[in-house]
Amino acid sequence: MHGLDFPAGYPTVLADGDLDGDSVLDSTDEVHAALATGSAVDVGVVKQFECPAIPLPRR
Ligand SMILES: [Ca+2]
């Protein structure tokens, strides 16, 4: 999971990335569009999920 920062403010992000005009970034394409213009900035991984190794019983 990556965090996004909006240095120019959310309205600018919407102007650049809200492709269908519904006032939310609700698709990967819209987020990518906003990232491409620089109005949204990927601040990196903010949450990681660990995948536990489950030991199987030996036979
Ligand atoms: Ca949208």
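**Exposed loop, paired strands and overall dimensions**

The place of Ser23 is in the loop between α1 and α2 (28-37). Although Ser23 is not a glycine, its phi is positive, at about 70 degrees. The structure is a predicted model, in which local features require pLDDT of at least 70 and side-chain atom pairs count only at pLDDT 80 or more, whereas totals for chains, interfaces and linings use all residues. Residues are numbered from 1 along each chain as its sequence is written.

The protein averages a pLDDT of 90, and 100% of the residues score at least 70; pLDDT is the predictor's confidence in each residue, from 0 to 100.

The protein comprises 2 helices and 2 strands, arranged along the sequence in the pattern β-α-α-β. These elements are DSSP runs numbered from the N terminus, with helices (H or I) of at least four residues and strands (E) of at least two. Strands β1 and β2 run antiparallel and are joined by 4 bridges, where pairing requires that DSSP find at least two bridges between two strands. Asp5 stands opposite Val41 in β2. Of the 5 residues of β2, the number buried is 0, so the strand lies largely in the open.

Cys51 is found in the segment after β2 (41-45). Cys51 is exposed, because 6 other C-beta atoms lie within 10 Å. Cys51 and Ser39 are 12 residues apart in sequence, and their C-alpha atoms are 33 Å apart in space.

For the protein as a whole, the radius of gyration is 18 Å, whereas a compact globule of 59 residues would have a value near 10 Å. This radius is taken over C-alpha atoms, and the globule rule is 2.2 Å times the number of residues to the power 0.38. Along the principal axes, the C-alpha atoms fill a box of roughly 60 × 20 × 15 Å. Buried residues make up 12% of the 59 residues. Among contacts between residues at least 6 apart in sequence, 48% join residues at least 24 apart; two residues are in contact if their C-beta atoms, placed from the backbone, lie within 7 Å.

Note on methods. Buried ≥ 20, exposed ≤ 12 C-beta atoms within 10 Å, placed from the backbone.
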